[in-house]
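I opened the model to look up a few strand and helix details. My notes follow.

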Amino acid sequence: MPRRKKEEAPPVGTDGEVEVSNVSLEPQEVKPARKRRSATEEEATEVVKRKSASKRTKSKSDVEPSEDRVVATLPSPEEVSSAGSAIKVRFRAKGETQEEQKAQQVPKQRGQTRLSTKKEDSQVKRGRVKSTPVKQNPELQIKPKPRPFTPDLPPIAIPADAPRIARIADRPMIVIEKQVIPPFIFFGNPSDERRLETVLAEIEKAASAGVHLHSLMIEFPVDSQLAQDAFDLAAYLLARVVATDPDAKLMFRVVFAGAPGWEKKFANAAFRFEDGTLAEPSVCDPGFWGEAQRLLSAFVRGLLALEEGRRIIGIHLDRGEWFFADGWGYDTSRAAEESFRDWARWRYGNDNVALQAAWFDGKARFETLKIPEYGTVPLSGESFLRESRKERKWVDYHLFLSDATVACIQRLAHEVKKASEGRVLVAVSYGYTFEWAHPANGHLSLGKLLRTREVDIICGPPSYRDRNMGGAAAFPGPIDSFSLNNKLFISEEDFKTPISQGAEPDDFNPVMSTPQALEAAHWRGLGCALAHATGIAWMDLWGNGWLNTPAIWQRAKKVRDTLIAATATPMSDPDVAVLIDERSIAYLNDQRAFKQLIQDSREAILRAGVSAGFYLLSDLAHRIRFPDAKLYIFLNAWDTRPEVRAAIKNRLQRDGKTLFWVYAAGQFENGRPALERVREITGIAIRPQPFSSRAGTTILNRKHPLTELLEEKALSVVDQLEPSFFAIPEEGCTVLGEYTQTGLPSLVVREIKSEEDPSQVWRSVFLGEPLVNEKIIRGLCQLAGVQVWNYHGDVVHVRKPHLSIHFSGSGHRTATLPDRWHAYDVVSGEIVSADATHFRSTATDGETQVLLVGEEIEVNRLAEVNVDSLLTLDQVPEAEPDTLDDDTMHHELSLLTLSDADEFMVLFSDAPIDDEEEEDRYQPRGPRAKSGAKAAKKAAPPPKERKKPVRKQSKEADPGETKSTVGVRFRAKE
């Protein structure tokens, strides 16, 4: 997904300057940005530095004090005017308090002590023998336990009257003092006076439709004076919004940015993109982001101290949506390199032997690790994954970059909660798992973010791939995981309209050419929100009046009321659960595999006409409750970690469930080659075909429920990926298709039963071709007994009692119902079907139907529900703990976990083995290697000679993509 590009706001001169009459600064605090500090401030800073140096020992990860270090402070009550509107937030040099010193102090590292007998100890005490340290083999020393890479922050108590996310009828909703705030937001970008007036006009129309939740963008440079300016601007905007909408609730979208010259002040955070341009400050630098935390804390406390501060219910933390775009390269800053070493120590338990074995590099050491070279040719050649252990350093870096990004977000979120004393919600844009094919995208740690207490709301726009009339406008991430983890997901519908009053640089965002197209897109978004328990944001991304017409906001009232009415009935589980593993994407080498196996599969499932939920694979291992579906689709289970493997075996291999494995599964177990263990989770043993075997399958049995809906050549023309895999048939297997070239089984169904436990009856389906389309999904549903609601390839979102259909093409349509049901059209307010198993419609291309379906009594009740009565709760539901294992938030299991061979390994006994990859893929497994020089030598034999990897010619980055922040300035700086 392209990053929303930065538009340079027009310069604001004397005529355009905004007068902030109700926000003031003390005269002595108004300083030019580059003015030298006073002698008093310099002396105070020197005293603080001398005291700090004498009282505490600093670790390498501590933030070194600099000449420009500032401390954010709140105003005293006397500094707040009686009206409460004149607020002064000072950012001044200040000595550290004792609490700050204690927080930064680290205990001394305990040294190695010599083991001695009692006799020797007594002689030492008497002075007869000198006590001398004994040099020990570093490989035999006990390794100190590494500190967790993910910050372990103390929880912040949430006051009873504070905004919170509560589950109402299984839907996450914003609740304030027993009052439900509909999850429908208007977003505006008031980047200058003209745009501010436009945004305020839209806010006025939104308020008339009952939409009182607004979000405004604020650029937040990490600099004391510029942060003060951001505060002045936020206070001014708050006053203007409240004057326009007296019932307003406000969220500020705080966009962090480096101030001019930041690369000199925070040199450790500086690096350059592949095209040579200066990148944004590294997310790994504690200096830059520590300063950001301090300024953010004062910003939040100052806003809440305003007279209208109670109107602020949330802070949206943003930094270009926290992603690293394709072609940018790697974060090669000094801060990233040091952080990468800390991450590796944490991941490998501070054990060099484990690191060397995982990387197949006997010279690897934590203290000398470097960021791997970007753009090198993988050793795996044309494989779609980096499968060699010698490529593990790249896989680890991809995982590290995402973990570092989430760790930065977690610290900022905790600072907001702490500064507000739990009275502000925290939102963030993250989790675009279905959008980024390049593994260094920074969005591979959504599971860890979902288990972060301090984050309440996660946002993201519909995919830009296909959002016009008739398009899927698919969600960017596993949309049902957010609700499952008690987070509210907000779909940011930044649909560009033809009534824009200015030019915008986001050429990746298509214009909704007609009012009818925009209306259909809005209803399509509502249908998605109803089926997947999310909220909606209508966005005027550039403040150019995209939504500035009364007709649009008349429709908004219906959308708002429908979202509220949805809380009148509990949600049902989906029939189909689609599972995506974000961590496996770190292995990805061939971006075609991402498109074919992940993005195309997402759209095919949405057009298959079934009730489907989309989840992270890790949810299986972390959530106590997981939806009880009939069919489970594994899109990219390439690395099945032990806890996920156990969850699949215990939760899914039972009760008649059907498990569908696409192309390849279980190649690794937490980073170790584990192809021989695939059968444990799939029930079907697989192995690779000869290299460069041509793709394409011949269907052998056309009377089977899985294949009877497929055309004769449905699987004959397929884009080829390397390697390809075939199934090993055994008892209970039915071979439905074979590779046309090799004749090996490519489509297999196996029925699995247990004589000891009748409940352990399940079915496994393996398809070796990298292809998923809607007809394959419908065949699987027919096999698994899943209801298909639409057979026309339209975009369908369904979770009983809500059904929406976005038509692709025109003509007659037939929707099938599970029983003799009623269907009520929410948009037109009419019953379209009564007591029938199906209903017919005449479709117009791009039109959307939003329906209530079910028994007559239930449909009538939901259609006539009093929306206002649902806005007040008798009691706010308490969040129930639903985390299966908190430990996995901070630690991942060792990469050296080995297992015994399974009985089906005999099937591989006569297989030819590629000598060059023998140590990587088919090495027999044994007990865990022990520490020691001998074990290290055995675990990491010298690698065979290979040609030195060469750098690929990097593509020129899109110059627009490097501009990631939106300028938000009101006053011209002197």
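Strands here are DSSP E runs of at least two residues, helices are H or I runs of at least four, and both are numbered from the N terminus. This is a predicted model, where local features need pLDDT of at least 70, side-chain atom pairs count only at pLDDT 80 or more, and totals for chains, interfaces and linings use all residues. Residues are numbered from 1 along each chain as its sequence is written, and side-chain values use heavy atoms, with hydrogens and water left out.

**Strand 14.** I checked its partners. Strand 14 runs parallel to strand 16 (residues 631–634), joined by four bridges. Strands count as paired if DSSP finds at least two bridges between them. Strand 14 also pairs with strand 15 (residues 612–616), in the parallel sense, over five bridges. There, Ile 580 stands opposite Leu 616. I followed the chain from strand 14 through helix 15 (residues 591–606) to strand 15, and this β-α-β crossover is right-handed. That means a clockwise path from the first strand over the helix to the second, with the strands pointing away from the viewer.

Is strand 14 buried or exposed? Five of the five residues of strand 14 (residues 576–580) are buried, so the rest of the structure largely encloses it. Buried means under 20% relative accessible area, exposed over 50%, and partly exposed in between (1.4 Å probe, protein chains only). I noted Val 576, Val 578 and Ile 580 on one side, Ala 577 and Leu 579 on the other, all buried.

**Helices 13 and 14.** The axes of helix 13 (residues 515–532) and helix 14 (residues 550–565) come within 11 Å and cross at roughly 10°. The two helices are therefore roughly parallel, a term for angles under 35 degrees. I listed contacts (heavy atoms within 4.5 Å). Helix 13 brings residues including Trp 523 and Leu 526, and helix 14 brings residues including Val 559 and Leu 563.

**Thr 682.** I found Thr 682 in helix 18 (residues 678–682). It counts as buried because its relative accessibility is 4%. Beyond four places in sequence, Thr 682 touches Trp 661, Ala 665, Trp 762 and Ser 764.

**Confidence.** I read pLDDT, the predictor's confidence in each residue, from 0 to 100. The chain mean is 81, and 75% of its residues reach 70 or more. Over residues 1–136 the pLDDT is below 50. It also stays under 50 over residues 886–974.

Note on methods: Axes are lines fitted to C-alpha atoms, for helices over the stretch in contact, and angles run from 0 to 180 degrees between N-to-C directions. Angles under 35 degrees count as roughly parallel, over 145 as roughly antiparallel, 65 to 115 as roughly perpendicular and the rest as oblique.
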